[in-house]
Amino acid sequence: MKRQIPEDFIIGAGSSAWQTEGWKGKKEGQDSYLDTWYKNEKQVWHEGYGPGVATNFYERYQEDIDLMKEIGLTHFRTSINWARFFIDYETLEVDEEYASYVDRFVDSLIEAGVAPMLCLEHYELPTFLQDKYDGWSSKKVVELFVRYAEIVFDRYADRVHYWFTFNEPVVIQTRIYLDAIRYPHEQDTKKWMQWNYHKVLATAKVVEMYHRKNYDGQIGIVLNPEVTYPRSSSSADKKAADMYDLFFNRIYLDPLVKGNYPEELFPLLKKHGVQFDYTKEEMAIIAQNTVDYLGINLYYPNRVKAPNYQWNDQTPFHPAYYYDHFELPGRKMNKSRGWEIYPQMMVDFGMRIKNDYENIPWMITENGMGIEAEEQFMDNNGVVQDDYRIEFIAEHLSQLIEVTEAGSNCKGYMLWAFTDCVSPMNAFKNRYGLVRIDLEHNRDRSLKKSAFWYKSLIENRTFDVADKTEFN
């Protein structure tokens with residue numbers, strides 16, 4: 001089956017600052033949260049790899065941009081490393097050495113015909129602000145973030161027209177304060193909610209400033225909503241799915257797109273003693289400054305069922321009070337990553353945006369397939385024959401095109417990732433890139449089979465999707 005890509009539909013790829021740059025040129029005191037976590041728990045990062053060298057994009061960005069040009073990439077998403085952008089996080093003295101590097105790679109992207117898309121925070125909260133103000137617990141950090149955004153926009157918005165405030169804003173505090181599985185392992189559900197709220201507030205304030213100063217472009221946010229399916233049609237399982245959706249998806253989608261929080265959220269927060277602090281003035285700012293568009297990261301579906309057991313009342317509140325996870329028997333799996341493969345989620349999410357969220361413009365900002373030990377798939381010329389990645393992209397992109405044709409306002413697909421890069425804890429274990437990073441040979445770059453396929457996809461605007469139906 002052949003699929004036609006709409007003429008104005010973006011086909012791009014992404015990465016982030018901390019996952020690629022490395023620490024070359026980084027000054028003392030410029031650690032981000034990820035840097036500090038790595039320094040304190042290096043043992044949990046696969047084979048010890050982490051952000052210290054990453055892919056050395058800081059020095060080798062031109063190599064990667066040359067490869068983007070060779071492939072024909074038209075858009076590239078990455079982040080500015082907030083922790084490296086300043087020498088002083090309170091006086092906001094810019095590190096001109098780092099800021100000049102951003103200037104250079106932005107200009108180089110544009111020269112290569114690649115539109116830069118920049119995120120202000122992709123887990124790069126400065127450790128200084130975490131230590132002094134308890135990070136996003138503090139409204140001081142909200143204000144510093146808005147001032148940081150304005151400095152960045154003033155410097156780059158003449159050339160960069162796609163902006164995001166955060167990437168996956170729910171993730172860091174979920175891993176630290178809700179699940180307590182990442183450094184510094186502090187379980188505090190109320191703090192989890194406060195961080196979620198302050199990132200919404202910070203986004204609204206940045207949106208207000210961006211529009212007030214009339215920069216030429218769009219400002220949005222990258223979310224990772226989990227497309228959540230109940231195990232069955234029972235009311236108990238449906239409630240479990242609704243509650244998961246409320247606590248992890250709608251706490252961002254509703255205020256950022258509709259301008260208000262779900263009414264049913266606040267009685268639940270009060271019941272469990274985890275209300276976040278807010279003012280009426282702040283809620284008015286959120287109501288009046290919704291985002292221009294959404295970036296959406298989707299990799300796998302989320303399946304839940306009603307809890308099997310009564311909650312232990314000696315345990316701090318967790319939204320899992322209302323659900324258990326469910327694994328669908330016979331599901332198709334990426335066994336390297338332990339994730340279900342379910343391309344239908346693209347259609348289901350796209351229709352939800354169309355029907356429930358004002359059909360706001362959106363795009364897939366991350367979707368991809370991480371595979372372990374890709375060396376086993378190399379041919380005699382050293383090219384990784386990653387047909388599994390080609391199949392994965394084609395199946396998901398096909399569903400995305402389908403929901404776009406059905407009227408969902410989807411603007412594009414950004415593959416994760418352009419090159420192999422470091423992931424939290426996983427490091428380089430599972431590879432995601434169109435471009436291979438050879439850790440054994442100076443992190444040399446080479447194109448995988450999927451890169452040549454992606455080049456053809458961009459040039460021809462068509463691709464084939466295998467019809468695996470038994471009877472056709």
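Buried means under 20% relative accessible area, exposed means over 50%, and partly exposed lies in between, using a 1.4 Å probe and protein chains only. This is a predicted model: local features need pLDDT of at least 70, side-chain atom pairs count only at pLDDT 80 or more, and totals for chains, interfaces and linings use all residues. Residues are numbered from 1 along each chain as its sequence is written, and side-chain values use heavy atoms, with hydrogens and water left out. Helices (H or I, at least four residues) and strands (E, at least two) are DSSP runs, numbered from the N terminus.

- A kink of about 30° in α3 is centred on E63. The bend at a residue is the angle between axes fitted to the seven residues ending there and the seven starting there.
- Buried residues in α3 include F57, Y61, D64 and M68.
- G72 follows α3 and has a positive phi, near 95°.
- The bend in α10 is about 60°, at N249.
- α10 is largely enclosed by the rest of the structure, because 18 of its 24 residues are buried.

**A link across the sequence**

- R461 sits in the loop between α15 (449-460) and β21 (462-464).
- R461 and I5 are 456 residues apart in sequence, but 5.0 Å apart in space, C-alpha to C-alpha.
- Leaving aside neighbours within four places in sequence, R461 is in contact (heavy atoms within 4.5 Å) with residues including R3, I5, F9 and S456.

- Most residues other than glycine have a negative phi, and most peptide bonds are trans.
- A cis peptide bond joins Y183 and P184, with omega about 5°. P184 lies in the loop between α8 and α9 (189-212).
- The bond from W416 to A417 is also cis, with omega near 10°. A417 is in the loop between β17 (410-416) and β18 (430-431).
- A180 has a positive phi, near 55°. A180 is partly exposed, with a relative accessible area of 22%.
- N359 has a positive phi, near 50°. N359 lies in the loop between α13 (344-356) and β15 (362-366).
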